[in-house]
Amino acid sequence: MIRFGHHSLHRVFGLSLAILFAGVASAQESFRVELGRDGETIGDMRPVFLEFKTQPMPAISPVEVARRYQKLFDNSEEPEVRVDALARLSNIQRLTDKDISVSPEEEQRIYREALSSYEAVLNKGSFHGKLDELLYQMAKAHAFVGQIELSTDRLEQLVGLYPSSELVPEARFRIAERAFATGNYSEAEAQYTRLISGEGRDSLKTKARYMLGWSQYKQGQSAWPRAARSFMTVLGGFSDQTQQFTRVPSADAGLIDDTFRIIALMAAEADGVASINDWSSATGDTSQFSDLLYDRLADLYATRGDYARSVDVNYAFIADHGDHPRAPAFYAQAVEVWRMAGRADRIRDVRADYVAAFSPSNRYQRLSVADQQRWVDFSRRLADYHYDQGESATGSARINHFTAAAEYYDQLAPRKVDAGEVLRLAGDAWLQAGQYAAARVAFRKAAYQAPGYADAADAGWAALVLEREALDGENRLDVSLAQFADEAEKWAATFPADARTPQLSSDLANRLLEQDQFVRARQFAQAAIDHSTSTAAASFSAYLALGETHVAEQSFGLAENAWRKALGMIATGDVSEVSTDEASTLRRQLATSIYRQGEQAAEAGKTDAAVAHFQRIDTVLPGSDIAIKGRYDAANTLLKAKRWLTAVNELTRFRQDFPNHPLTGMVSEKLVFAYLSSDRPIQAADELMTAREGVAPAMETQLRAAELYHQAGATGQRNEIYQAYLGQGDAAVAPTDADTHVLNQTIRQRLVESAISVTRLREQMVSAELDSEWHSEQTLDWAGQAAIALAEIPANRFAAVELRVPLADSLARKQKFLEAARVRYDQAQQFGGEAVVSQATYRRAELYRVLAKDLMASQAPPELNEMEAMQYQMLLEEEAYPFEEKAIALHESNHQRVAEGVFDEWVQQSLDVLATLFPGRYERKVRWMGLNAGNVTGYETGNETESNSNDDA
């Protein structure tokens with residue numbers, strides 16, 4: 001209600017003058033609503049009072065003007081003059097900011113005197129001004145001096161007499177105020193309702209609606225729905241005027257605040273949020289300030305200590321108005337309520353709900369900057385809490401806390417400018433939760449997508465460690481070596497000065513090497529070596545890997561360089577944790593790389609370089625197998641290059657230096673090859689015949705030497721070997737194949753030609769050829785010649801036997817030798833060969849011819865008479881004739897060979913014999929023509945008659 005006390009006399013007086021003399025002065029006027037000092041309960045609360053203040057407009061001293069009007073009031077006895085002076089005095093007070101007021105006692109005196117003037121004017125019935133205004137001023141004056149009932153009477157009189165007066169709304173407001181002050185709330189409700197439904201200023205109606213709500217409120221809880229509608233209507237009006245309470249004048253702030261508070265009080269005493277919703281629905285559209293209604297109700301619960309209900313109100317608003325711009329503030333208010341309650345656990349719950357509600361990008365983007373910062377703050381607090389809890393928890397609780405922390409960090413990171421640390425914490429939380437893939441993603445983002453992050457290198461390194469552990473089977477992250485290599489390459493390029501790079505590159509080089517990825521392995525090894533912070537251990541490991549890559553790509557010179565660098569680090573003590581075996585292996589790798597260079601040079605035909613490489617292995621790993629093999633291969637390289645003398649020298653030295661080495665067993669063969677290639681067969685044969693460890697070479701080797709001696713004409717050495725061979729016995733030399741048979745016959749033939757054991761060897765040749773299932777033209781010829789030569793022995797003995805008396809004895813001896821010779825000639829003919837057959841035929845024929853001749857020439861026994869001698873001679877002729885015929889037949893068979901294209905000395909001799917035996921037929925010169933490969937060839941015998949027919953022959 002409006003109170004008019006002594007302490008505000010000048011304000012009330014000023015308001016009256018402003019109404020009566022609105023045209024006297026022009027000024028801006030402001031008006032402030034101020035809450036009264038209410039009690040603790042609704043019953044103790046009092047309405048607000050209005051306080052007005054004006055700004056001075058006159059250019060002259062208002063104090064002087066006021067002094068004159070007051071003097072006029074005091075000195076005049078005319079009621080109208082005094083009323084007018086008082087009105088002007090009040091108007092000056094209203095329009096100026098100068099203190100022209102008088103003491104309270106003086107004010108009481110002035111208004112008591114003014115009342116008598118008002119009464120006089122009113123009783124007179126004539127007034128130059130309006131009587132409705134006069135009645136209104138009298139009511140104000142009565143009220144000021146404490147005559148409330150009289151003041152109300154004058155206001156009712158004004159309303160009754162002048163219902164159309166513009167002062168009626170104000171008069172009704174004063175009447176209603178009087179009813180409210182006296183506790184007549186239903187009457188006050190009626191008066192406020194009439195005022196609101198009638199004419200009047202909007203500001204006055206607003207105050208009337210406000211007081212209407214109070215009037216209804218005072219009537220009890222059953223009237224609260226009406227009161228709530230009235231209050232909400234007031235708020236609706238202010239919402240429109242203040243752009244939804246964003247620009248509230250200070251003068252209206254108290255009234256507005258009090259309106260929200262009384263609605264909250266009613267709702268709290270009723271059904272809380274449900275009541276607000278019911279009253280809002282009954283009022284109409286309250287959505288413009290629904291958030292303030294919920295907010296005041298939540299505040300009220302909180303001030304009463306009913307924290308759970310306060311939070312419920314906040315969540316109710318969020319549930320009903322989730323997309324409202326102030327929804328984030330309700331979450332924040334819930335946090336504050338639980339903080340007042342000391343419930344840290346519930347605070348975390350609300351923060352979690354807030355973060356979850358606005359995590360979606362579209363919702364987050366609609367938040368204000370402050371609300372976005374609150375989301376960031378809540379997310380970080382929740383993430384840190386779960387991270388801390390995870391560190392002390394065990395089992396599934398530990399995993400759950402770290403998972404929650406990681407999720408909060410993950411969704412927080414994109415919304416922070418300095419996201420690096422958050423991403424790194426996310427990675428660590430995912431790691432602790434066993435989520436390796438997510439951890440790697442977070443670490444990589446911290447390393448490469450958080451510009452300016454001081455620990456970016458460490459974050460990237462953490463991702464690398466995860467991948468390396470996965471490759472080692474220490475976690476379940478699905479990563480390939482190629483991915484790890486790519487990640488390492490990116491990390492090294494991003495943080496080039498990091499001292500961990502060399503060890504990482506060295507490790508990767510060795511891993512890639514194991515998978516035969518030689519190119520990338522070499523790149524990483526070289527990177528480790530070239531890095532400015534590389535340690536001795538990293539460089540040493542990298543040199544080892546580098547050497548292996550060069551070996552794999554057959555760049556053995558580069559491999560040698562890498563091995564030497566590594567060995568140099570061992571020698572200087574730069575690396576000390578290298579075992580003797582490891583160092584030995586490294587030296588062997590160095591030796592091997594040199595050996596391979598020798599092989600490559602040899603293949604390229606670079607003999608000198610190859611030999612140099614092979615020989616210098618001994619300087620790296622003296623006495624080792626590979627060094628010995630290098631020496632051996634150096635000699636081989638010289639052999640291939642046909643440097644026979646040098647090769648022989650190297651091979652000889654090798655055998656001298658390493659007499660017991662397995663490779664030495666092959667030196668002899670290579671020396672033989674070198675000797676033969678340099679046309680020194682005797683040296684080759686001597687090498688073959690050299691006894692090894694006191695043991696004579698195998699017969700096969702000796703035979704090879706014999707062949708070389710044969711080629712060189714060293715028949716003595718050759719024959720010794722042949723004789724030794726044949727002296728092994730028939731079983732040892734018995735042929736098992738054609739080659740052995742030919743070899744045996746060749747050896748016998750050569751010994752025969754050297755006049756060694758001629759007869760015995762010829763007999764062996766003939767026997768061997770007869771018994772063998774393998775033959776060659778040469779062995780057959782040799783055997784044939786041997787048979788003929790063997791036949792000559794009995795043939796000569798045959799010729800030497802003279803037919804003497806008694807003829808039977810000598811003839812028997814002669815025939816025995818003839819048979820032996822014939823057998824040999826038959827053997828010769830069996831072996832074949834044109835020359836052998838012709839000769840054997842001729843020899844056999846001559847045996848028979850000589851036998852016939854010798855029979856004819858033999859002497860008759862001396863005791864025979866002439867007749868008996870003649871008869872004896874005839875018997876001899878009869879005995880000799882068959883032999884002569886057989887001889888002729890054999891010679892003629894030789895003659896017939898001419899038709900077969902065979903004509904040699906033995907055929908010729910057979911013809912000569914035939915010419916002797918049959919001169920008429922054979923003693924003439926004949927030119928025998930033969931056809932040989934298309935050319936006519938001739939053989940001349942006897943005379944110059946030419947014939948190509950057998951008949952002519």
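Trainee: What should I keep in mind about the numbering and the model?

Mentor: Residues are numbered from 1 along each chain as its sequence is written, and the model is predicted, so local features need pLDDT of at least 70 and side-chain atom pairs count only at pLDDT 80 or more, whereas totals for chains, interfaces and linings use all residues. Side-chain values use heavy atoms, with hydrogens and water left out.

Trainee: Why is the contact between Glu687 and Arg655 called a salt bridge?

Mentor: A salt bridge is a side-chain nitrogen of Lys or Arg within 4 Å of a carboxyl oxygen of Asp or Glu; the side chains of Glu687 and Arg655 meet at 2.5 Å, N to O, and the pair therefore qualifies. By this rule the count comes to 43 salt bridges.

Trainee: What makes Glu687 buried or exposed?

Mentor: Buried means under 20% relative accessible area, exposed over 50%, and partly exposed in between, with a 1.4 Å probe and protein chains only. Glu687, at 7% relative accessibility, therefore counts as buried, whereas Arg655, with 22%, is partly exposed.

Trainee: Which parts of the chain does the pair of Glu687 and Arg655 tie together?

Mentor: Glu687 lies in helix α33 (residues 681-689) and Arg655 in helix α31 (residues 644-657), so the pair ties together parts that are 32 residues apart in sequence. Helices here are DSSP runs (H or I, at least four residues), and strands likewise (E, at least two), numbered from the N terminus.

Trainee: How do you know that Arg844 and Asp826 form a salt bridge, and where do they lie?

Mentor: Their side chains meet at 3.2 Å, N to O, and the pair links Arg844 in helix α41 (residues 834-857) with Asp826 in helix α40, 18 residues apart. Arg844, at 13% relative accessibility, counts as buried, while Asp826, with 25%, is partly exposed. Salt bridges that share partners join Glu819, Arg822, Asp826 and Arg844 into one network.

Trainee: What makes a set of residues a nonpolar core, and how many residues has the largest?

Mentor: A nonpolar core is a set of buried Ala, Val, Leu, Ile, Met, Phe, Trp, Tyr and Cys residues joined through side-chain atoms within 4.5 Å. The largest has 223 residues, and those with the most contacts inside it are Tyr192, Ile263, Met266, Leu297 and Trp375. Helix α11 (residues 250-269) gives the most to this core, with ten residues.
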